[in-house]
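Let's take a walk through this structure together. Please have the sequence and the 3D view open as you read.

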Amino acid sequence: YPEELAWHTNLSRKILRKSPQLEKFHQFLVSETECGNISRQEAVSMIPPLLLDVNPHHKILDMCAAPGSKTAQLIEMLHADMNVPFPKGFVIANDVDNKRCYLLVHQAKRLNSPCIMVVNHDASSIPNLQIDVDGRKEVLFYDRILCDVPCSGDGTMRKNIDVWKKWTTQNSLQLHGLQLRIATRGVEQLAEGGRMVYSTCSLNPIENEAVIASLLEKSEGALELADVSSELPGLKRMPGITKWKVMLKDGQWFEEWKDVPSNRQTQIRPTMFPVKEEEKLKAMNLERCLRILPHHQNTGGFFVAVLIKKSPMPWNKRQPKVHQKLPQRTGDTEVTATNSDNGPECITEEPTLAENEESKKTQELQNSDTEQSKKEAVCGPPPSKKMKLFGFKEDPFVFLPEDDPLFLPIQKFYALDPSFPKMNLLTRTQEGKKRQLYMVSKELRNVLLNNSEKMKVINTGIKVWSRNSDGEQFGCAFRLAQEGIYTLYPFIHARIINVCIEDVKILLTQENPFLSKFSSETQKKVKDMVLGHFRMMIVLTLHQVPEKPDDLQCPIVLCGWQGKTSLRAFVPKNERLHYLRMMGVEVFKAKRKEEESESKTDEEVQHKLAQTGEGMDVEDKEHDLVTKMEAEIGEESSNSPVESSAMEVENKIEDLDQSSKDANSHVSQESKDTDTSNVKD
């Protein structure tokens, strides 16, 4: 793996979880995974994103993305330069299963990127998207496409015992057609010169070389297999095969399509057989495919093929360009292009006068709807009449208008740079108070605004501000969110306090430390910022000090809250542990003490609540709510929470937390000064 960013251990999951000697290592893996610094993944499944050769400006489509490990790799590659908050590229991650899309959201959200969008479509018929290019609409073609298709999974035989019990040749025969349709749809949406990686965790040639050979044959030279033998030099691999037979469930073997009896031709298709013509077979270069065998380097079995698009597909010789004067392309309706350098002219029938009139009326209606939608900058779910959708109804994506009064106090309070892209801010509600503000890149905004009617978006954007009711009286109703702080930080010029490493340790190890515990320099900076006894949203930063090479040599940016007599960091628990590890603090012991302290506090609270008879109601409500969330999302365990695109559930839990505190009647004056809307770690 490039730059030694991947590591492997031979320990089984059971040993890792149960062994007392490995408890510290296990906690490290869990907490770092939760905050997105580590992804645990099958070694061979890391290969396809690496062979995509992604650059930060690439537009990427992940066709079958759930559960999201490969998507996370793609996001990391987009953000190769951490000094660029908004790369020009983006990742659109798609999955057909609505419930698995939420697992995908949970995985992607750990990386806190404004350049990821999760959509829910059948990959074999994923719609053509449009983007605005210099005032005219054009079809979006992707620079890179990852096509990790559903497969029989027979390559996972080492870790998946069920494969041995349930495997039949029928699995591959049933999946071949779907795999070919998905791959075909992928190359249709690939830009010329773009790269698509096709992969499966199967070793069956019906799912692998047969699909690639069929795709190359019908591309008529538009596609070629890339030679990647020099890439990933440490990887042991076998070449793709050129000869195979097809077998039915009952053990019948067939070498050619002509041998298949007519009553079996619905199960077996011509595309499943190898190409017989020697010249054509040689031109395909099927040996350039990669076969990873389990026993070569103690991995799972895997198949990878890298395709490069040299010219438009023969059935799409003219690149479809959608202009404002032309009807939009929907479904299978063809649009006549105005200019083409490739291929023959398309012959179309002249429409009648009546058809022309009807077309004009339809286009006028479409244009008026589009203009109205753009004025409101609302990207809602697609209409139910146009496509049959399953799963939850998603909240709309509403971009803040340029003159929105909500933004002015935020801009003034944080002294935002004039270059701040405020047009990229969005919310998930059209009416009522906006509780959260999210941010997307300029390119994803373009995609959202031009495709709201044909695309079911599950989630996009990174949370950058959260409403705080206490802040309204002080001039700004929104506090910074830690998730988006590294995206926002380059644009913020006010409310920043530089602190030393010892102060950061205090902030991260204590819940609500008094100002007197900090260094005199930090105390002075805080007091200089105080306006009366107001509480403030602040940014705490730790920079490298060249004179102290032993100290932490990378910047840390934390969101904080300044109370009357205290300072608090709004950082999730696992992220706190990460920063403390970087500073050399023994977090394992600290975590144990914290857990013992929490359990002791919980016992005291439960005892007092049992006496008052009030505690059980609140606890039951919260338990019911979490159970309901799990049931809706379909997750198996409450230990793997999936972040919903809407924030309603989070807000309900906040309310329950607050009512629980009120029932306890143990809220100190100092804790009242903290942000009560913050979700518990």
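The paragraphs below go from model confidence to backbone details, then to a surface patch, a helix and the salt bridges.

A word on confidence comes first, since this is a predicted model. The protein chain has an average pLDDT of 78, and 71% of the residues reach at least 70.

Now turn to the start of the chain. In the segment before α1 (13-18) you will find Glu3, which has a positive phi of about 60° although it is not a glycine. Glu4 lies in the segment before α1 too, and its phi, near 55°, is a positive value in a residue other than glycine. Glu3 is exposed, with a relative accessible area of 72%, and Glu4 counts as exposed at 61%. Another backbone detail is the cis peptide bond between Ala66 and Pro67, with omega at about 5°. Pro67 sits in the loop between β1 and α4 (69-78).

Phe25 belongs to helix α2, which spans residues 23-34. With a relative accessible area of 32%, Phe25 is partly exposed.

Which residues of helix α16 are buried? In this helix, made of residues 520-529, they are Thr522, Gln523, Val526 and Met529. These residues lie on the same side of α16 because they cover an arc of only 130° around the axis. The face turned away from that buried side carries exposed residues: Ser520, Glu521, Lys524, Lys527 and Asp528.

Finally, consider the charged pairs. Side chains of opposite charge can pair when their charged atoms come close. How many salt bridges does the structure hold? There are 21 salt bridges, and a few of them are worth a visit.

One of them pairs Lys59 with Asp143, their closest N and O atoms being 3.8 Å apart. This pair links distant parts of the chain, with Lys59 in strand β1 (residues 59-62) and Asp143 in strand β6 (residues 142-148), 84 residues apart. Lys59 is partly exposed at 24% relative accessibility, whereas Asp143 is buried at 19%.

Next, Arg195 and Glu231 meet through their side chains in a salt bridge of 3.6 Å, N to O. Arg195 lies in strand β7 (residues 190-200) and Glu231 in the loop between β8 (223-225) and β9 (238-239), so the bridge ties together parts that are 36 residues apart in sequence. Here Arg195 is buried, with a relative accessible area of 12%, while Glu231 counts as partly exposed at 23%.

A further bridge joins Glu511 and Arg568, whose closest N and O atoms are 3.0 Å apart. Because Glu511 is in the loop between α15 (501-509) and α16, and Arg568 is in strand β24 (residues 567-569), the pair ties together parts that are 57 residues apart in sequence. Glu511 is partly exposed at 46% relative accessible area, and Arg568 is buried at 12%. Salt bridges with shared partners also join Glu217, Glu277 and Lys280 into one network.

Key. Residues are numbered from 1 along each chain as its sequence is written. This is a predicted model: local features need pLDDT of at least 70, side-chain atom pairs count only at pLDDT 80 or more; totals for chains, interfaces and linings use all residues. Side-chain values use heavy atoms; hydrogens and water are left out. Buried means under 20% relative accessible area, exposed over 50%, partly exposed in between (1.4 Å probe, protein chains only). Helices (H or I, at least four residues) and strands (E, at least two) are DSSP runs, numbered from the N terminus. The arc is that of the directions from the helix axis to the C-beta atoms. pLDDT is the predictor's confidence in each residue, from 0 to 100. A salt bridge is a side-chain nitrogen of Lys or Arg within 4 Å of a carboxyl oxygen of Asp or Glu.
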